[in-house]
Amino acid sequence: MTGAPPGVCGPETDVVCAWVFDRTGGNAVLAAAADWLIGRPLAVLATLVAGWVLRRLIRLLVRRAVDRVIAQGPVPGGEPPVEERRTTRARAVSTAVAGALSALVWASVLIAVCGILGLDLGPVIASAGLAGIALAFGAQSLIKDLLSGVLILLEDQFGIGDEVDLGEAVGVVESISLRQTVLRDLDGTVWHVPNGEIERVGNYSQLWSAALIDVVVTHGTDVGAARAALHEVATAVSATGRFAEEVLEPPEVLGVQALTADGIVLRLRVKTLAGCQFALQRALLEAVDAAFAQRGVELASPQLAVRMHRTGSRGRPDRVPAP
């Protein structure tokens, strides 16, 4: 095979062209026609098939890698939707990563096809570079949102159904995408929070929670008796109804939390399943109020001290205690 002269066959598809050129005794027209009708279409088809296979392989490998990384995370004990939550996270993260890699693969395939067809890619690449720079400046917030969304899902900062505090927005997570998180608060307001604007996350529903209440009793109260009454009430409430299945550990009276002008602050903590602390707190407050009233333990109320002054014989104010 002597090969066709330069300019007859394409730089990437000279096999078929050179073979026809040799078999036709050096007919450049037939060789060029075979190159355009057979050689280049076959090369383009082979490039597209290779790109499709590579894309499928990348998606498979990314899915397996993401599943492995997420499976190594902490498992919230006792939560039924663990597998569903993991599946949602894995699907979202793998879709984002595989989509970015697929775009890179198809961009490479497009460049290869243009090279096969003999197109000059220099001006195109230069224009694409300038357009990419302009797009990057204009879409900085969007890129930040997407990257933050991937990290939120990978690190399992929160999931659908969790009650979270994202700063100004506090509520239950209804949906998570790579761009934004949707919350619904207690009064029904729906918050759409871009992931790139989430600077810190307070999750009330991850792994476990704690019902925490502070009870303020008056000065002079028998603290030991008040603590015993508080513990007894918390134990009784924790063992009744649905709270018996939600409470993870026995109630713990932490003791005197603070001394204020109004009274003595006693703190109680009960460890519960994630997201179950608020209902228990309301039940505990109601039971504590009734139990303290029965036992004569007086809850503190704000005190107001009034001091009056009168002018003495020398023109100086005399302090007169309030009655």
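## Strands β3 and β4

Valine 182 has histidine 192 in β4 as its bridge partner. This pairing comes from a predicted model. The strands involved, β3 and β4 (residues 190-194), run antiparallel and share 5 bridges. They form a hairpin, with 5 residues between the two strands. Glycine 188 sits in that turn and has a positive phi of about 95°.

## Strands β2 and β3

β3 also pairs with β2 (residues 170-176). The sense is again antiparallel, over 4 bridges. Here valine 173 has leucine 183 of β3 as its bridge partner. A hairpin makes this link too, and 3 residues join β2 to β3.

How many of the 5 residues of β3 are buried? The count is 4, so by the under 20% relative accessible area cut-off the strand, residues 180-184, is mostly covered.

## The largest nonpolar core

The largest nonpolar core holds 24 residues. Leu230, Leu268, Leu280, Leu284 and Phe292 have the most contacts inside it.

Setting aside neighbours within four places in sequence, leucine 280 is in contact with Ala211, Val237, Phe243, Val247, Val270 and Thr272.

## Another core

How values were computed. Residues are numbered from 1 along each chain as its sequence is written. This is a predicted model: local features need pLDDT of at least 70, side-chain atom pairs count only at pLDDT 80 or more; totals for chains, interfaces and linings use all residues. Side-chain values use heavy atoms; hydrogens and water are left out. A nonpolar core is a set of buried Ala, Val, Leu, Ile, Met, Phe, Trp, Tyr and Cys residues joined through side-chain atoms within 4.5 Å. Buried means under 20% relative accessible area, exposed over 50%, partly exposed in between (1.4 Å probe, protein chains only). Contact means heavy atoms within 4.5 Å. Two strands pair if DSSP finds at least two bridges between them.
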